[in-house]
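Please take a moment with the sequence and the model that follow, and keep both in view while reading.

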Amino acid sequence: MRSMRGEASDEELMLRYGRGDARAFELLYSRHRLPLYRFLLRQLGNAESAEELFQDLWMRVVNSRGRYQPRAKFTSWVYAIAHNRLMDFYRANGRASFLSHEESESVLEDLPAAEIAADLRLDRKRAVKRLLAALGELPDAQREAFLLQQESEMSIDEIAAATGVGPETAKSRLRYAVAKLRARLGKES
Amino acid sequence: MIERRDEELSKIYRDAEEPRPPQRVDDNILAASQRVAGNLRRPATFGFSRRWGTPVAVAATVLVTSTVALMVYELQSGSDAVAPQVPRGGRTAKVSPVEPRADQPRTPPPVVLQPIAPAPPISQALQSERAEQRPGESAASTASAGARQPAFAPEAPRASDVLSKREEVKPAPATAPPAAASERARATQQAPAPDALPASDVQQPIRPAQAPAAAPGASRLRETGLPLQGAGAVTSRLAAPEANERTPEKWLADIRKLKTEGKATDAERELAEFKKRYPDYILPEDLR
């Protein structure tokens, strides 16, 4: 997309940075800085941990400059790193739920497509507040799938690749997340 | 696989305030990235030295270490030798003649030990013995000794040093050292051809350290008049006791005598016995 607009693609910038172009990294950082930070912050719900992981993530990008091969989109690669750092964090903090929680598609089909309450549609601030609260209550894997879709604009396949699961699992997680969020936003009207 | 986004939820999500990473985190990340990029941009020479510095240093260390180790080894092996080294030019000529025989156990080349055992009294006795030998042979031997001796002359002082140490243990006649010294001095003055030196001729005057013990035996043997060139059985029976009693020079003279009398078999047997008895002895050219 960016290449079509005459801008260097993420992959090209990363390769240029690998050859010593510091400016290329600055461009790359400015493009992905906020989405990645939001992803980590909302996934973890803790600013301190989010900052730590965010910095560590970018340091890994810096240190991988020489080995980077544009086999996949830069976004998929960098969010895969983020996912791996999250997994490490969960393991270190005893949050095994992320690994054990798997959804079945049969259950998924039964979920109702709840409507968002009318008053929330008018009161955006309340809607946002309730959405973020509902997001925090989601299982880690489902929240991650939703955040990846919102922040990185990745497809189901890309989300699956970044999180190391099959596409069906990624799709299932995403559907669960959306259904639960809608249900929370539609309850108290 | 494409999953349509829930646009309604997405709109609400995007309305949320945008948290930003702290400035210090941004600074840290950008500084690190620039530091790394700065390293990448360094001149090619820096990269070359960085890439090859360690291997070159390791190679140089190995080279220097092995060189020093070799030098130390050579120094040690040189100092371990009891006797001084023969000059390189004459070394091969002296060592090569002693070829190991099939029936004889191999011994390491003892060249360096040859010149260190001068026994002046024996040399005097030997010369007197030679005088008793056939005139032609004696003359030839003496002439060749005179001509060749100088090649060993530079070694003589060191050999005498060693000898003097031995003589501290085995006291020799008081007149011996001056006689040997004068003989060596005479040989040095003659000194014509330094490279054509059969070791035995040179060593004869300064050779056997066991001469004082052997000399009486040799004279006793002469008194008994036993024929050295007799039947093979008798010769071999006599060889062992003779080897204990005869001086090497006397023994060689006997062998030479056998050869000149045409008793080549006996001479060879005697020579074999001699080599067994004195494996380190460098034979004169005519007996090799």
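Among the elements of chain B, which helix has the lowest mean pLDDT and which the highest? The lowest value, 41, belongs to helix α9 (residues 199-206) of chain B, and the highest, 88, to helix α13 (residues 264-277) of chain B, where pLDDT is the predictor's confidence in each residue, on a scale from 0 to 100, and where helices (H or I, at least four residues) and strands (E, at least two) are DSSP runs numbered from the N terminus. Over residues 110-123 of chain B the pLDDT is below 50, although this stretch has 62 contacts in the model beyond near neighbours in sequence, two residues being in contact if their C-beta atoms, placed from the backbone, lie within 7 Å. The pLDDT is also below 50 over residues 133-182 of chain B, a stretch with 75 such contacts. For chain B as a whole the mean pLDDT is 61, and 36% of its residues reach 70 or more, while the model scores ipTM 0.84 and pTM 0.47.

This is a predicted model, in which local features need pLDDT of at least 70 and side-chain atom pairs count only at pLDDT 80 or more, whereas totals for chains, interfaces and linings use all residues. Residues are numbered from 1 along each chain as its sequence is written, and chains are lettered from A and ligands numbered from 1 in the order in which they are written.

Chain A has eleven helices and zero strands. Of its 189 residues, 40% are buried, a term that requires 20 or more other C-beta atoms within 10 Å of the residue's own, C-beta atoms being placed from the backbone (exposed means 12 or fewer, and partly exposed lies in between). Among contacts in chain A with a separation of 6 or more, 70% join residues 24 or more positions apart. Leu57(A), which lies in helix α3 of chain A, gives a local view: this residue is buried because 23 other C-beta atoms lie within 10 Å. Leu57(A) is 25 residues from Ala82(A) in sequence, yet their C-alpha atoms are 6.3 Å apart. Beyond neighbours within four places in sequence, the contacts of Leu57(A) are Leu36(A), Ile81(A), Ala82(A) and Arg85(A).

Turning to helix packing, α12 (residues 248-260) and α13 of chain B have axes that come within 8 Å and cross at roughly 160 degrees; axes are lines fitted to C-alpha atoms, for helices over the stretch in contact, and angles run from 0 to 180 degrees between N-to-C directions. The two helices are therefore roughly antiparallel, the classes being roughly parallel under 35 degrees, roughly antiparallel over 145, roughly perpendicular from 65 to 115, and oblique for the rest. Residues that meet here include Trp251(B) and Leu252(B) of α12(B) and Leu271(B) and Phe274(B) of α13(B). By class, this contact has eight nonpolar, no polar and four charged residues (Ala, Val, Leu, Ile, Met, Phe, Trp, Tyr, Cys and Pro count as nonpolar, Asp, Glu, Lys and Arg as charged, and the others, Gly among them, as polar).

Finally, the contact between the chains takes 36 residues from chain A and 28 residues from chain B. On the side of chain A that touches chain B, the elements giving two or more residues include α2 (22-44), α3 (47-63) and α11 (167-187) of chain A, and α2(A) gives the most, with nine residues. The residues of that side divide into 21 nonpolar, five polar and ten charged.
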